[in-house]
Amino acid sequence: MWWHTDAYRTIGLRPSVDPVLAGWIDALERESGLHVPLAAREWYSVREAVEWLARHGDNILVSAARLGNPIDGLDYLAGGWLVTETDSRARRWS
């Protein structure tokens with residue numbers, strides 16, 4: 001069962017987890033001690049989903065490899081926030 005079944009169907013994706021992307025998220029959890037929500041883990045582990053969103057949205061996405069890294073010198077993760085994207089108005093989303 002996928003969290004984003006309807007979204008994948010709507011955009012025409014057949015999801016499969018990319019082990020490299022999933023590994024980056026595993027490392028983030030180990031190193032930070034925080035838990036990445038299952039829905040975010042799934043989306044960021046499906047390469048085609050992340051690529052689709054990057055092509056079709058106006059927001060600046062954080063790649064799976066950079067999840068948890070400081071942004072503009074701010075360590076959001078230290079405060080318990082996982083930033084996933086910055087919208088076109090420079091607001092951070094987690």
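This is a predicted model: local features need pLDDT of at least 70, side-chain atom pairs count only at pLDDT 80 or more; totals for chains, interfaces and linings use all residues.
Which pattern does the protein follow when read along the sequence? I read α-α-α-α-β-β-β.

Residues are numbered from 1 along each chain as its sequence is written, and side-chain values use heavy atoms, with hydrogens and water left out.

Next I looked up the overall size. Along the principal axes, the C-alpha atoms fill a box of roughly 35 × 30 × 20 Å. I also looked at contacts (heavy atoms within 4.5 Å). Of those between residues at least 6 apart in sequence, 46% join residues at least 24 apart.

I found 32% of the 94 residues buried, where buried means under 20% relative accessible area, exposed over 50%, and partly exposed in between (1.4 Å probe, protein chains only).

Last, I stopped at one residue, Asp72. Where is the place of Asp72? I found Asp72 in the loop between β1 (60–61) and β2 (85–86). Is Asp72 buried or exposed? Asp72 is exposed, at a relative accessible area of 68%. Its phi is near 50°, a positive value in a residue other than glycine. I jotted down the background too: most residues other than glycine have a negative phi.

Definitions and conventions:
Helices (H or I, at least four residues) and strands (E, at least two) are DSSP runs, numbered from the N terminus.
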